[in-house]
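Q: Could we go through this structure one feature at a time, with the general idea placed before each particular case?

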Amino acid sequence: MVNHNYQHESSGCGLVGIISTTGKKMSGEQVLRAVAILHERGNGLGGGFAAYGIYPKYRDFFAFHLLMDSAESKSAVEAYLQERFLVEHGEEIPTRNPSERYPNYSGGRNLEEILPEIMPSLLWRYFCKPKRPENSTDGLTDEDYVVQAVMHINENIHGAFVISSGRNMGVFKGVGYPEDLGHFFKLEEYEAYIWTGHARFPTNSQGWWGGAHPFTLLDWAVIHNGEISSYGINKRYLEMYGYKCTLMTDTEVVTYMLDLLIRKHGLPTEVALRAVAAPFWKDVDRMPADERKLHEALRMVYGSALLNGPFAIIFTHSRGMVGMNDRIKLRPLVAACKGDMVYMSSEECGIREICPNPERVWNPRAGHPVIARLEDGVK
Amino acid sequence: MNQNKRGLIPPKFKQVINRELCRRCKRCILSCGFEALKFENGVIGIAGECVACHRCVTMCPEGAITIQKQPLDYRDNEYWTVEIREELYRQSESGGVILASMGNDKPFKSYFDHLVLDACQVTNPSIDPLREPMELRTYLGRKPEKVTVEKDKKGKFQLKGKMPANLLLETPIIFGGMSYGSVSLNTHKALAMAAKNCGILMNTGEGGLHKDLYPYTDNIIVQCASGRFGVNEEYLKRAAMIEIKIGQGAKPGIGGHLPGEKVTAPISETRMIPIGTDALSPAPHHDIYSIEDLRQLIFSLKEATEYKKPVCVKISAVHNVAAIASGVARAGADVICIDGFRGGTGATPKMVRDHVGIPIELAIAAVDDRLREENIRHQVSLIASGGIRTSADMIKAIGLGADAVAICTAALVALGCHLCQQCHTGNCSWGIATQRPEMERRLDPEWGGQQLTRLIQAWSYELKEVLGLLGVNAVESFRGSRERLRGIGLSELELDILGVKHAGR
């Protein structure tokens, strides 16, 4: 049977993304400062960070970041991982003293009392390789195999969520103001060439750690300000391809959609973005014949993948960062660059805070992505 | 015993003529297709003949005529309704099936009337369709599962391979199949003109294509039904899409029937049958007794048209419609039209019209779900038809998963039809469902084309309004987005089949 009884929630938000296109590493201190200046865009009910290049020692392993709320869910997760993966290493994600988690907490209720609701007690990471026979005939790539495992854990293991699963990257998130969470997770101790940060303002829930951004799958991580008004059909489209939208927020849909189009369907990033934020027909009709043909085909095939509604998105993967707005730019997004650094944020102040004199600052046009890639040869 | 023409059945309607206003111009008498008025020292109605088509009322320059139900109280009986009693009189006099036309008019639950739409407030802004682009463009036809691109010499990405044939609709509405024969040539012309004006399609129905419609090739769907009337090479060439009609909502499981009286010389030529013969299309296609036979016909038609035209298969909504639609998709259809039990007709046994088939709302939801479960939704476009009355019905059908809707009765109403349900008599006073030359010419195709164009335009505006309030600016962002619909007064099972939550959730 089809389960139609899904609910989803939406939110307003602040975004920051930083990349060094030469692969230079930086600590989490910058992204923390930038996201703190966007304080007003969050309401203390969700914050998170993605960092790339943080696990050089385990660079060939899929790094599973897990949030779990009980010993039972932890043992279920570990049993599942042991069965399907070679688990090289597992450890608790280092954090500061839990009482330091929420210095800026402003929820009105006793923090001690609500802590279990807003943050799971167990934060662990596991570095894994798929355990599969050499000549496996299931037709799956290692990536597909990992995606299946993520879907399985999120759907079937009660109280456990995989919040990231890529190689040499990780996500740190929870309920709270991002600057508090960053402090709690000791982000200043990590070195990454891409950082994204997110301050969340959920509109219709008290906040849930599973609902905080970034959303990830493999090395995709998405942070998002907005609401996907086409959520209903995007979700049903993804379900045809086995994606299970368990986290009940539209950002999850964005993540899976990019995974489907770019990884599974093999579309180049810029082409995939033309599918999810399609140009208007009035513009397509004026394109040269070849370009028009491509855009018509994209729209015909990927009509259900069109992300419609107000949004600004920053998505990252191990080789780059992309910022994008909806087709009529209903949410803010600013981009800037200086030297090998590219910055994106929902507010210019988020950029100026850490890069006071960028060489160029601009407002990307509606539906036109800003794509920053690691330079060729950078490992 | 009773010698008058109407037998045991009492008159239904009476014409009330205001003698002070009437100036005896007799226009009413001329306009009545049912000879229900005569002149005897003034205009008088003939008992039992009036069908309440309102042509005389509309044509009377003085506003002197009104039509009333003939009051007649029966002894109350909730079980033996008046309708049932009168049908028994009719059958015992004729000894035959009772013919009827239009669609099922019984008080079954209309699911459209139990669905409401969402709207944006605060968190996601609504979009103003008067200020922002709002896209209704819809493509009918098979789509590949994914797009493949390659880089050209200049490093630009190009589409690799060719897309299957698809038809562009400027708005997700088409005119459904109504045959030339059941309706007049002028009706066909009006539909074709409007289809061209609006960038949409009209379906010829099963009666062939009159030569006067050849200039509208790009806007025509030709039907290949079990009677194969008028099907030849030229016919297939003169169409943008070909539809194999398996079933029709008003008469699932049975073929069409055009009485010999309606088979005039031009009908005879278009249908390729002798003048005055009954045009009976068989219940099944005589070359389709299983799904693999359907596949052969689909591919014969594709071969005949060099794979340049999508092939549609029209089925009526019956109990197992989801599995049938899945089979039809796998048999190679590019488009599936599903016709619900409210769908109309020019003639059908009344018993079949009123008791066979299921509502389009449930059918389209079940089919869309099934095709998604089997991951073949992209292989076909879905057209919902059968009882789409308003833009609201159209919008809800799209929300449930239809790519487009087909309208017939609504289009005829735009041409003047007052739903008197007498199409099968061929006496239509409005010049729509008739082949009587003096009636047919009453319908000016130019005027009719304008009426229909305005109707489609109005519905399209309303669709844009709704997309805007839903906060999306493309119809495909709403198509099948059941999350934007809620049910009111529906059971859990009904909600589950429709795939929508109850209002308040």
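A: Let us begin with strand pairing: two strands are said to pair if DSSP finds at least two bridges between them. The model is predicted, and in it S14(B) and strand S17 (residues 311-316) of chain B meet that condition, pairing in the parallel sense over four bridges. Within that pairing, B:Ile242 has B:Val311 in S17(B) as its bridge partner.

Q: Which strand is joined to S14(B) by four bridges and has residues 220-224?

A: That is strand S13 of chain B, which runs parallel to S14(B). Here the bridge partner of B:Ile221 is B:Met241 in S14(B).

Q: How many of the five residues of strand S14 of chain B are buried?

A: A residue is called buried if 20 or more other C-beta atoms lie within 10 Å of its own. By that criterion five of the five residues of strand S14 (residues 241-245) of chain B are buried, and the strand is mostly covered. B:Met241, B:Glu243 and B:Lys245 point one way, while B:Ile242 and B:Ile244 point the other way, and all are buried.

Q: What does a covered strand in chain A look like, and which residues lie on each of its sides?

A: In strand S3 (residues 47-52) of chain A, six of the six residues are buried, so the strand is largely enclosed by the rest of the structure. On one side are A:Gly47, A:Phe49 and A:Ala51, and on the other A:Gly48, A:Ala50 and A:Tyr52, all of them buried. S3(A) is joined by six bridges to strand S8 (residues 169-174) of chain A, the two running antiparallel, and in this pairing A:Ala51 stands opposite A:Gly170. Six bridges also join S3(A) to strand S10 (residues 194-202) of chain A, again in the antiparallel sense, with A:Ile194 of S10(A) as the bridge partner of A:Tyr52.

Q: Why is one side of strand S6 and of strand S23 of chain B left without a neighbour in the sheet?

A: Strand S6 (115-117) and strand S23 (501-502) of chain B stand at the edges and each has a single partner strand, so one side of each lacks a neighbour in the sheet. The sheet concerned is an open one of three strands, ordered S6-S22-S23 in chain B, with mixed pairing. Strand S22 (residues 485-487) of chain B runs parallel to S23(B) and is joined to it by two bridges, and B:Arg486 stands opposite B:Lys501 of S23(B).

Q: Which residues of the largest nonpolar core touch the most other members?

A: In soluble globular proteins, nonpolar side chains tend to be buried together. Here the largest nonpolar core has 258 residues, and B:Ile336 and B:Ile338 touch the most other members. Helix H4 (residues 185-198) of chain B gives the most to this core, with eight residues, and the core draws at least three residues from each of domain 1 (13-95) and domain 2 (149-153 + 161-502) of chain B. Leaving aside residues up to four places away in sequence, B:Ile336 touches B:Cys312, B:Val313, B:Ile315, B:Ala325, B:Val328, B:Ala329, B:Val380 and B:Leu382.

Q: How are the two domains of chain B placed, and what separates their centres?

A: Taken over C-alpha atoms, the centres of domain 1 and domain 2 of chain B are 33 Å apart. Nine residues from domain 1 of chain B and nine residues from domain 2 of chain B take part in the contact. On the domain 1 side, the touching residues divide into five nonpolar, three polar and one charged.

Q: Is B:Glu83 buried or exposed?

A: B:Glu83 lies in helix H3 (residues 82-94) of chain B, and it counts as exposed because it has 12 C-beta neighbours inside 10 Å.

Key
Residues numbered from 1 in each chain as written. Chains lettered and ligands numbered in written order. Predicted model: local features only at pLDDT ≥ 70, side-chain atom pairs only at ≥ 80, totals over all residues. Domains from an automatic or database assignment. Contact = placed C-beta atoms within 7 Å. Nonpolar A, V, L, I, M, F, W, Y, C, P; charged D, E, K, R; others polar. Core = buried A, V, L, I, M, F, W, Y, C linked by C-beta atoms within 7 Å.
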